[in-house]
Structure formats: C-alpha cells, structure tokens
Amino acid sequence: MSFISVDELLTRYNAGERNFSGIVLTGSEMTEVDLTGIILNDSNLGEIYMQDVNFTEANFLRSRLGQAALIRCIFRNADLTEASMGHANLAGADFTNARLVNAFLCSADIIGTNLTEVNLTGADLDGAYIKGAIFNNTIMPDGSIRNSS
C-alpha cells in the first residue's frame, strides 16, 4: 500500500490519473471535489472526512471506509462491492444505481441516504441506523426488492 496525501491525490487526479488502487489516505479531509471515475480498489480511506465529493462511476472494490464521514457524497453508478463501511456516516449520500454487494455496513448511519436501484445483495447491515433513506427498486441483502412507502 502506498501512503499519499489528499493534496497529492488531487494533483495526480487533475493531471489525468484515475487509478489509485491500494492507497492509504486516512485522517484527512476532502470537500466539494469531483472525483468522477476514480479507481480506489483495495484502498484504505478509513476515518476520512468527506463532504459533497462526487464519486460517480468510481470503483471502491474491497476498500476500507470504516468510520469515514461521507456526508452528501455522490456514489451514482459506483461499485463498492465488498467495501468495508462499518460505522461510516452516510448521511445525505446518493448511491443511486450503485453496487454494494457483500458490503460491510454494520453500525453505519444511513440517514436521508438515496438508495434508489442500489444492489445490497449479501450486504451486512447489522446495527445500521437507517432513517429517512430512499428505497426505490433497491435490492436488499436477502434479494428482496424494497421501495419507500
């Protein structure tokens, strides 16, 4: 794993680099940034604070986002298969059409989160605090379809 700072990540991303698989970026802060299409597979972003970051079509396969604050971040069409997001704050995040297959979301705060057409097959939601989340054709961990009433 390669340790890099938020500044270095942004500089390299803005220069056209997209693949940051295997990085360690912890204890940092990032707000109002567009990181569309970034690849962060097998990365460690635990305990990072992010607000209003655009991760549309990003890849987070097997990444660690435990205890991260991902306030109002956009994960549309993102792949978070097997991502570990235990105790993460996902308040106001938009996961429309994202893949969270076999994701670990234990004790995550899922408050006002958009889960429209999200695939949660096999995800672990044990102890997750879910309030005001939007479910629209959402595939739940057991394979059932859930819609907000």
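Modeller: Gladly. Let us begin with the largest cavity: L90, F95, L100, L105, I110, T113, L115, L120, L125, I130, F135 and M140 line it. Please keep in mind that this is a predicted model.

Biologist: What makes a residue part of the lining of the largest cavity?

Modeller: A lining residue has an atom within 4 Å of a cavity point, and L90 and M140 are among the residues that line this cavity. By class, the lining has eleven nonpolar, one polar and no charged residues. The space inside is about 80 Å³, and the structure holds one cavity of 30 Å³ or more.

Biologist: Why is C73 called buried? And what about C106?

Modeller: Buried means under 20% relative accessible area. C73 has 0% relative accessibility, so C73 counts as buried. C106 stands at 12%, and therefore C106 counts as buried too.

Biologist: How many disulfides are there?

Modeller: The cut-off for a pair of cysteine sulfur atoms is 2.5 Å, and by this rule the count is zero.

Biologist: Which residues of helix α1 are buried, and why are they said to line one face?

Modeller: In helix α1 (residues 6-14), the buried ones are V6, L9, L10 and Y13. Seen down the axis of α1, these buried residues fall within an arc of 95 degrees, so they line one face of the helix. The face turned away from that buried side carries D7 and T11, which are exposed.

Biologist: How do you know how confident the predictor is?

Modeller: pLDDT runs from 0 to 100, and the protein chain has a mean of 96, with 98% of its residues at 70 or more.

How values were computed
Residues numbered from 1 in each chain as written. Predicted model: local features only at pLDDT ≥ 70, side-chain atom pairs only at ≥ 80, totals over all residues. Heavy atoms only, no water. 1 Å grid on protein atoms, 1.4 Å probe; cavity = no way out; pocket = protein on both sides within 12 Å on 5 of 7 lines; lining within 4 Å. Points joined across faces, edges and corners; volume = space filled by probe spheres on them. Nonpolar A, V, L, I, M, F, W, Y, C, P; charged D, E, K, R; others polar. Buried < 20%, exposed > 50% of the residue type's maximum accessible area, 1.4 Å probe, protein only. Helix = DSSP H or I, 4+ residues; strand = E, 2+ residues; numbered from the N terminus. Arc of directions from axis to C-beta.
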